[in-house]
Amino acid sequence: MKNRIKKIFIFTSFVISSIIISYSCNLPTEIEPGSQGIIIPGVSVDGVRLGDLKVAVIAKLGEPADSGWADGSNRGWRYYLYTDSTESNFYKREIFAIYFLEDGAYFDTVDVISAGPSYKGRTEKGIGIGSSINKVHQVYGIPDTSMSYPLANSIHDIYCVYKKWFGITYKDSLITRMSIGNYKPYPAIHYCK
């Protein structure tokens, strides 16, 4: 009787495993650029692509919760901030910020997209806010550049993808922010050319 139960268990396990494997083999392996809830390093976040115009961003995401100005060492941006109004902690409300580069007379072209603490999406390889540094290194390998900020107790890794950067910030070995950029080459960033 025990031998028969064991054989049934092994057979059932084999059948279930076969179904799962055949199902997973039929899943799509590529993610469409611009998919909602997906970060495609070097390309897009939640359907907003590097190089998109402001009107396209508003058409996809609606009006931002806030906007303002940001300065870098060699350029400035107009940013739009999208937030989760249900989050009670002010510092955790940010879903993502989109930084528009001056293109002619207007700050109109998406140059950087930064996903913050309330972002629920993932990369096409399953990495998202809260993933561990070990998981990221297993999936994406060793970063092209890594910077440590001891006062903030954080690490910032940069991967070069399609001559753009994919930045991941960690605190206590967990992702707190993911960013992609720059649409136009940034003179201060020389490692992704």
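Visitor: Why is Lys60 called partly exposed?

Guide: In this predicted model, Lys60 has a relative accessibility of 40%. Buried means under 20% and exposed means over 50%, so Lys60, at 40%, counts as partly exposed.

Visitor: What makes the pairing of Asp52 with Lys60 a salt bridge?

Guide: The closest N and O atoms of Asp52 and Lys60 are 3.3 Å apart. A salt bridge requires a side-chain nitrogen of Lys or Arg within 4 Å of a carboxyl oxygen of Asp or Glu, and therefore this pair qualifies. Asp52 itself is buried, with a relative accessible area of 14%.

Visitor: How many salt bridges are there by this rule?

Guide: The count comes to 3. One of them joins Asp111 and Arg75, whose closest N and O atoms are 2.9 Å apart. This pair links distant parts of the chain: Asp111 lies in strand S7, and Arg75 in the loop between strand S4 and strand S5, 36 residues apart.

Visitor: Why is Asp111 called buried?

Guide: Its relative accessibility is 0%. Buried means under 20%, so the term applies to Asp111. Arg75 is likewise buried, at 15%.

Visitor: What makes Glu94 and Arg177 a salt bridge?

Guide: Their closest N and O atoms are 3.0 Å apart, which is within 4 Å, and so the pair meets the rule. Glu94 in strand S6 and Arg177 in strand S12 are 83 residues apart.

Visitor: Is Arg177 buried or partly exposed?

Guide: Arg177 counts as partly exposed, at 25% relative accessibility, whereas Glu94 is buried, at 15%.

Key:
Residues numbered from 1 in each chain as written. Predicted model: local features only at pLDDT ≥ 70, side-chain atom pairs only at ≥ 80, totals over all residues. Heavy atoms only, no water. Buried < 20%, exposed > 50% of the residue type's maximum accessible area, 1.4 Å probe, protein only. Helix = DSSP H or I, 4+ residues; strand = E, 2+ residues; numbered from the N terminus.
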